[in-house]
Amino acid sequence: MLYKRRFQSVLFKVIIILLAVIFMIPIFYAMSSSFKTNAEIYSYPPTFLPKVFSVEGYQYIFQSLNFLRVLYNTLFVSIIATVITVTISIMAGYAIAKGNFKGKKMISNLMIMMVFVSIGVTLVPVFIIIKEMNLLNNLWGIILPAAFTPTGTFISIQYMKGISDEFIESAKIDGATEWQIFSRIIFPLSYPLAAVLTIFSFTWRWGDFILPLIVINSSNLYTMQLGLATTQGQYLISWNAIMAYSVLSIAPPLILFLIFQKLFMRGITAGGLKF
Amino acid sequence: MLGESNNVLKRKKFDIIGNRFVFLIPSFIFFTVFAFIPLIVVVVISFFSWNLLGPMKFVGIENFIDMFTDANFWGTLMVTLKFEAMVVPITFVLSLVLALLLYKEGKFSSVFRAFFYWPYMAPAVVSGTIWAWLFSTNTGLINSILMKLGLSPISWLQGGLTALLVISLTQVWGMAGFMMMIFITGLEQIPMEFEEAASIDGANKLQIFRHITWPLLKGTSIIVLILSIAYSWNNFTLMYVMTTGGPGYETTITSLYIYQLAFTQFRIGYAAAVSVITILISIGIAMVAMKTGRWEV
């Protein structure tokens with residue numbers, strides 16, 4: 001019995017490790033290829049680790065593709081949009097979970113329904129609205145339309161429902177104003193939620209492609225994703241440079257995740273993804 | 001007397017709950033301008049013929065009539081369904097298996113959870129680029145392995161069905177870790193005592209899963225299904241990057257078709273009409289999903 005159990009647990013671990021290796025191959029192979037020379041990349045059979053360590057691909061990106069400007073644009077968009085999203089989602093979650101106003105149910109259901117009606121199908125009218133607001137070919141034109149997120153709102157509502165009414169009740173009895181209740185009681189209790197929303201929102205905005213594709217025209221306003229997608233078509237660019245671009249494109253959200261991993265995982269299990 | 005005290009109680013309750021609409025206003029403005037108003041605008045435009053630069057011409061329901069005879073439109077709808085049919089079941093099974101293997105707390109599982117979660121953080125353009133390269137005909141890793149094994153290379157992304165399969169795998173790869181986290185959260189809500197009791201009664205792991213875990217996981221399963229459908233329904237980034245919808249229209253999902261109509265053919269009115277139908281289908285799915293998933297808040 002004990003022997004069987006131990007065998008089972010070892011078997012499970014082996015399965016997990018195998019699956020993890022398969023999952024990691026694309027990222028690992030992209031990373032390793034980004035440090036290969038152009039000649040090695042096109043040689044057969046392909047090598048798993050670079051034979052000659054080279055930064056040729058990275059050099060090309062930084063020298064020929066206006067990369068620092070693109071990096072700045074993407075950071076600007078992702079950070080500002082994330083700040084807006086986190087702020088408005090926490091407030092909205094509080095309003096819906098702990099508020100009592102007319103039409104609450106209808107508004108919140110409409111908001112959450114939008115998870116199915118994303119930019120992919122509303123790009124024509126969204127484009128027209130952005131155009132009317134004079135935000136075409138402007139970084140704000142990709143920040144503002146993405147600030148409201150249905151998933152973020154939903155996660156926030158679920159988290160706020162988990163906060164006990166008693167905190168609010170006793171503050172109310174002590175004579176706290178509505179704003180004081182939010183800023184001194186609710187907000188400090190929402191750090192794990194804020195961590196979850198920050199990581200999600202930053203990851204989403206960093207990876208946005210469809211919105212920049214229709215809004216941005218000039219290459220000095222490109223974001224990383226737009227840059228990566230269009231350079232592949234336009235230039236005679238080699239694979240090590242494309243892989244270098246890809247690696248640099250995964251790095252920021254990954255670093256953010258590694259920094260906040262503990263808080264993020266706690267936030268998720270504390271109700272962030274409790275549906 | 002009774003009514004009066006009820007009123008006092010009600011007022012007190014109201015004081016504690018508060019109105020708090022004011023906290024919803026910022027979110028509500030963004031929602032209205034960029035999510036709700038577009039739904040009205042798109043319906044209006046769908047009755048016009050417009051190339052974005054010239055004047056708009058009212059054509060009534062002509063765009064909708066055109067759509068019903070447009071084989072490409074029906075084709076892209078079929079592609080969307082095929083894509084969902086490949087992505088959703090694989091994602092569901094894979095993320096459930098991963099969650100079952102990793103939901104018990106511990107150093108090992110927390111490290112490996114992160115590994116599976118990582119691909120979710122890769123932007124779709126990046127994962128599309130990497131996977132397209134892995135499966136490219138001449139320099140791809142997969143074909144090199146096939147050749148090493150003495151098999152002939154396959155033109156993965158040049159064939160309709162194989163291309164859709166590769167795109168689906170890329171989508172699954174990006175999504176499974178996220179869905180795994182949702183399953184893990186669901187599993188953690190199941191009280192340990194149930195499993196322990198069954199285990200003492202002599203139930204094996206499979207029986208425990210079949211009769212205890214699975215029924216209690218129903219709500220979570222529905223959420224995972226809903227989100228997997230939603231996240232792959234409208235996002236054409238992978239197709240745009242990996243195949244640009246080709247060969248022909250064989251990997252063009254409806255949202256990519258809308259993009260092509262609007263921004264390469266400049267048939268804005270017609271693109272809007274296709275959007276209206278797609279949005280109606282999306283809202284239909286959303287209503288069913290929200291009902292079955294008890295998603296109302």
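User: What is the handedness of the crossing of α4(A) and α11(A)?
Analyst: In this predicted model, that crossing is right-handed. A crossing is called left-handed if the near helix is turned anticlockwise from the far one by less than a right angle, and right-handed if clockwise. Helices here are DSSP runs of H or I with at least four residues, strands are runs of E with at least two, and both are numbered from the N terminus.

User: At what angle do they pack, and how far apart are the axes?
Analyst: Helix α4 (residues 67-98) of chain A and helix α11 (residues 191-207) of chain A pack at about 140°, and their axes are 8 Å apart. That makes α4(A) oblique to α11(A). Angles under 35 degrees count as roughly parallel, over 145 as roughly antiparallel, 65 to 115 as roughly perpendicular, and the rest as oblique. The axes are lines fitted to C-alpha atoms, for helices over the stretch in contact, and angles run from 0 to 180 degrees between N-to-C directions.

User: Which residues meet there?
Analyst: From α4(A), the residues include Thr74(A), Val77(A), Ala81(A) and Ile90(A). From α11(A), they include Leu193(A), Leu197(A), Phe202(A) and Trp206(A). Contact means that the C-beta atoms of two residues, placed from the backbone, lie within 7 Å.

User: And by class, how do the residues of that contact divide?
Analyst: Into 9 nonpolar, 7 polar and 1 charged. Ala, Val, Leu, Ile, Met, Phe, Trp, Tyr, Cys and Pro count as nonpolar, Asp, Glu, Lys and Arg as charged, and the others, Gly among them, as polar.

User: Another pair in chain A: how do α5(A) and α8(A) cross?
Analyst: The axes of helix α5 (residues 104-113) and helix α8 (residues 150-161) of chain A come within 8 Å and cross at roughly 130°. α5(A) and α8(A) are therefore oblique to each other. Ser108(A), Met111(A) and Ile112(A) of α5(A) make the contact with Pro150(A), Thr153(A), Phe154(A) and Ile157(A) of α8(A). The classes are 5 nonpolar, 2 polar and no charged.

User: Switching to chain B. At what angle do α2(B) and α14(B) cross?
Analyst: Roughly 125°, with the axes of α2(B) and helix α14 (residues 268-292) of chain B coming within 8 Å. The two helices are therefore oblique to each other. Their crossing is left-handed. Leu39(B), Val42(B), Val43(B) and Ile45(B) of α2(B) take part, and on the α14(B) side the residues include Ile268(B), Ala272(B) and Ile279(B).

User: How many residues does each chain put into the contact between A and B?
Analyst: Chain B puts in 80 residues and chain A 83 residues. On the chain B side, helix α2 (residues 25-45) gives the most, with 13 residues. By class, that side has 60 nonpolar, 15 polar and 5 charged residues.

User: What are ipTM and pTM for the complex?
Analyst: The predictor gives an ipTM of 0.90 and a pTM of 0.90.

User: What about chain A?
Analyst: Its mean pLDDT is 88, with 95% of residues at 70 or more. Helix α14 (residues 239-272) of chain A is lowest at a mean of 83, and helix α7 (residues 140-143) of chain A is highest at 96.

User: How do you number things, and what cut-offs apply to the model?
Analyst: Residues are numbered from 1 along each chain as its sequence is written, and chains are lettered from A and ligands numbered from 1 in the order in which they are written. Local features need pLDDT of at least 70 and side-chain atom pairs count only at pLDDT 80 or more, while totals for chains, interfaces and linings use all residues.

User: Which peptide bond is cis in chain B, Gly246(B) to Pro247(B) included?
Analyst: The bond from Gly246(B) to Pro247(B) is cis, with omega near -5°. Pro247(B) sits in the loop between α12 (237-242) and α13 (254-263) of chain B. Most peptide bonds are trans.

How values were computed:
pLDDT is the predictor's confidence in each residue, from 0 to 100.
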